[in-house]
Each structure stands twice: as C-alpha cells, then as structure tokens.
Amino acid sequence: MYCERADLHDYIPAAYLDAADKVTPGIVGRKIASVCGAIDDALRRHYVLPLVTVPETIKRMAAVMAAYEAIGGITAVKDDTNAGNKLLVLQDLYKQARKDLALIRGNKLELGLDELGLEPSTGANGTLAVVTRPATLNLKGWR
C-alpha cells in the first residue's frame, strides 16, 4: 500500500472518513486498495514492483486520490502556506494527482527511483554484480 488511512487525514478530517465508512462500511479501505492498484498499473511499466521505497509523490497522490474517492469530493481543505489562507478544493488536488499519475505512466515525471529497479549491487566478495530484469520474450517453440 502506498498510503494508510492516517495519511488521508492530511487532506480530509477523520470524521468525514468515519462518516463515509458508516454510510458504506469499508469504503475507505477499499478506495485505498483501489487507488494503490491504479498506481501500480501506472508504475508497472517502468519500475519493478513492489517498490523498495515509496516516494513522497506517490504517497501524496495515493492519499489525495483515496480521500477524494472515499467521500466523493464534497469538501475542501485549507492551505495556510501563504497569508491568503486560500481554500483548495479536494477535487482540484485529485485532478492534479490524476495528471501526475498520467505523467508517470508516460515516463514524463521523474520519481527519483532507478527505472525498472535496476540498482547495482555488490557480490559477497565486494565485487560489482550485474542485475538485469527477466526476459520478456519467450522464444521457446520457435525453432
């Protein structure tokens, strides 16, 4: 999972999530799982899953998307970063998260991870070991 229920509290009050679960039992957990599955679908093409470390970008996207989908985008969250105390509609955050996910899918948003999990590793004797991904083309039976 890329986020937990507690991560959603950064974007929506816990009482809203509790109310959503009261109306539709288990909806928050199902939405978290669904969003994490959608993110996996976008990452699968470029990275080996499961990710060893989860970038903050992915965690944020998962939390925003799950919060929005759990409560239907009917609330707003406050942004106190500037003196203006601007209200950011959760729906706007959700739309940006979906755009970011599309950028990841299109390999246009850098996550700071090694693509396809190809990280150099050292062998037991301290030498460098070459790590490759499994072959994707099976030529068995083509002789």
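Guide: Of the 143 residues in this protein, 31% count as buried, where buried means under 20% relative accessible area, exposed means over 50%, and partly exposed lies in between (1.4 Å probe, protein chains only). This is a predicted model, in which local features need pLDDT of at least 70, side-chain atom pairs count only at pLDDT 80 or more, and totals for chains, interfaces and linings use all residues. Residues are numbered from 1 along each chain as its sequence is written, and side-chain values use heavy atoms, leaving out hydrogens and water.

Let's get our bearings. The protein has five helices and four strands; these are DSSP runs, numbered from the N terminus, with helices (H or I) of at least four residues and strands (E) of at least two. Starting at the N terminus, the order is α-α-α-α-β-β-α-β-β.

Our part is helix α2, which covers residues 14-23. Which of its residues are buried? They are L17, A20 and D21. Viewed down the axis of α2, the buried residues fall within an arc of 95°, so they line one face of the helix; the arc is that of the directions from the helix axis to the C-beta atoms. On the other side of α2, you will find A15, K22 and V23 exposed.

What covers that buried face? The cover includes α1 (5-8), α3 (27-43) and α4 (56-71). Contact here means heavy atoms within 4.5 Å.

Now look at charges. Side chains of opposite charge can pair when their charged atoms come close. The whole structure holds five salt bridges, each being a side-chain nitrogen of Lys or Arg within 4 Å of a carboxyl oxygen of Asp or Glu. One of them joins D18 and R5, at 2.9 Å from N to O. D18 belongs to helix α2 and R5 to helix α1, so this pair ties together parts that are 13 residues apart in sequence. R5 also forms a salt bridge with D21, with the closest N and O atoms 2.6 Å apart. Since R5 is in helix α1 and D21 in helix α2, this pair links parts that are 16 residues apart in sequence.

Elsewhere, R44 and D41 meet in a salt bridge of 2.8 Å, N to O.

Leaving aside neighbours within four places in sequence, Y2 touches several residues, including C36, I39, L43 and I58.
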